[in-house]
Number of protein chains: 2
Amino acid sequence: MNESPRDPARPSRRTEIRQANEALILAAAEKVFAEAGFGGATMQLIADMAGLPKANLHYYFATKEDLYRRVVQNIFEIWLEAAEAMDTSDDPALGIGAYIEAKMAISRSHPDGSKVWAYEVMHGAPVIQDYLETTLRDWTNGRIARIEAWIAEGRIRPIAPRHLLYMIWATTQHYADFGHQIATLNRGPLSDADWRQATDEVKTILLRGIGAIP
Amino acid sequence: MNESPRDPARPSRRTEIRQANEALILAAAEKVFAEAGFGGATMQLIADMAGLPKANLHYYFATKEDLYRRVVQNIFEIWLEAAEAMDTSDDPALGIGAYIEAKMAISRSHPDGSKVWAYEVMHGAPVIQDYLETTLRDWTNGRIARIEAWIAEGRIRPIAPRHLLYMIWATTQHYADFGHQIATLNRGPLSDADWRQATDEVKTILLRGIGAIP
DNA sequence: GTTCAATCTGACCATAAGGTCAGGAAAAGA
DNA sequence: TCTTTTCCTGACCTTATGGTCAGATTGAAC
């Protein structure tokens, strides 16, 4: 066998294995935590879902809490990235509209992450309290200032920016967190068209509600 | 001692004890289930919170699941009752407005119940699936018909009634389920004035969003 | 007062869970 | 090839949990 020395620029087999297994475990953990909550989830179940022995999980993640923390941080980062959509336009209808689109897309692509976040916050945010007090608070205040500027310019009606943000979070995440209820009432999972319609309705009602569109 | 025979119309001491203890246990259970989810909650913790020995809980509720089911049913019944607010007026702004008011009031008075419901639905509604498929679906379809009538009469814009209902549920329950996040961003629990403002904002934005108010 | 059923509870049990660890397999480097 | 480091895992330990039960206590009926 020709054992050529590996390219140092490319990740070594070791780090490949590590990254692959961590991703595998995180994906399984997200699903199990979303389905059962932190207390109801078991390391054994996550291990089975990842196709790894339980002891191997503890090799990569020391404790159940470490694993849980990583899952929560993941979804938070995804949302933070999507939040930049709001800065893509100076027009409130376009900026807020893009943010709603992005949040709805995430609700569809990462429903489990959204549920884990909901679970975490509902239970007093024991793990991500500092995120709420720093990153999220800063981001929120920044957006509030931006919305207030739009109000001052007369581009939207004088609503309370804070509550508009809450409404956006609530409505978009509802389609992930309460997806089961919605699917039941819908007599089946939402189709592409259903998601399109849901997104349009949320956008239209909220944007019209704040006077960003006629 | 003069042991006068009790009035048969009034509940006996026995049933009094039973009702009082069941209520005590249910209140403690609602709190613990909301704080820890079904899996994270322990009968011991509920017992401690109720001030009763654990074995006494099992005297009134055979299993943890029985207790949990009762808690979930409670909040559902409270919501169903509030849903009647929507039928108090033939005017969409008043009817839907009253429903939003009622839902917001419940979010404030029963945040734990709302969280337990959220928990239950997020985890696939193992306990109340039949409620979703019967009572909730029927109620929803009834309201959709009512909203469609308003649309046909030109009293509100042609939005998708189903998604309007989802938005109402999402926004109102958000103030209960994500109350901790909101309180953190608010730097403290919401005051009376905060709740008043939140309710007004939700009502205004949604009602204007559907064209029920100018 | 006696009887009977309802209420209460400390002690106990079986199970399952998170976590540990010794030692084996596999990759990386020399 | 040899050594070292990383990766892997079956077996095991401790703790905590849901649930049980025998027997004590209390309220109701006569």
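Predicted model: local features only at pLDDT ≥ 70, side-chain atom pairs only at ≥ 80, totals over all residues.

Me: Why is B:I106 called buried?

Reply: The cut-off for buried is 20 or more other C-beta atoms within 10 Å. B:I106 has 21 such neighbours, so B:I106 counts as buried. This residue sits in helix α5 of chain B, residues 92-109. Leaving out residues up to four places away in sequence, B:I106 touches B:I78, B:W79 and B:A82.

Me: Why does A:A125 count as partly exposed?

Reply: Partly exposed covers counts between the two cut-offs, 20 or more for buried and 12 or fewer for exposed. A:A125 has 19 C-beta neighbours inside 10 Å, so A:A125 falls in that middle class. Its place is the loop between α6 (111-122) and α7 (129-152) of chain A. The phi angle of A:A125 is near 55 degrees, a positive value in a residue other than glycine.

Me: And what makes A:R187 exposed?

Reply: A:R187 has 8, so A:R187 is exposed. A:R187 also lies in a loop, between α9 (179-185) and α10 (192-209) of chain A. Its phi is near 55 degrees, again positive in a residue other than glycine.

Me: How do you know that the buried residues of α4(A) lie on the same side?

Reply: First, the list: A:L67, A:Y68, A:V71, A:V72, A:I75 and A:W79 are the buried residues of α4(A). They cover an arc of only 135 degrees around the axis, so they lie on the same side of α4(A). On the other side, A:E65 and A:E81 are exposed.

Me: What span is expected for helix α4 of chain A, and what span does the model give?

Reply: The helix runs over residues 64-83, which is 20 residues. The expected span takes 1.5 Å times one less than the number of residues.

Me: What makes the two chains a two-fold pair?

Reply: Chain B is superposed on chain A by a rotation of 180 degrees, with 0.0 Å of shift along the axis and an RMSD of 0.0 Å. The two copies are therefore related as by a two-fold rotation axis. In chain B, the C-alpha nearest that axis belongs to B:G209, at 1.9 Å.

Me: How do you know that the copies meet through the same surface?

Reply: Of the interface residues of chain B, 100% are also interface residues in chain A, so the surface is the same. Each chain gives 45 residues to the contact. In chain B, α8(B) gives the most to the side that touches chain A, with nine residues. By class, that side has 24 nonpolar, 14 polar and seven charged residues.

Notes:
Residues numbered from 1 in each chain as written. Chains lettered and ligands numbered in written order. Least-squares fit on C-alpha atoms with pLDDT ≥ 70 in both. Contact = placed C-beta atoms within 7 Å. Helix = DSSP H or I, 4+ residues; strand = E, 2+ residues; numbered from the N terminus. Arc of directions from axis to C-beta. Nonpolar A, V, L, I, M, F, W, Y, C, P; charged D, E, K, R; others polar.
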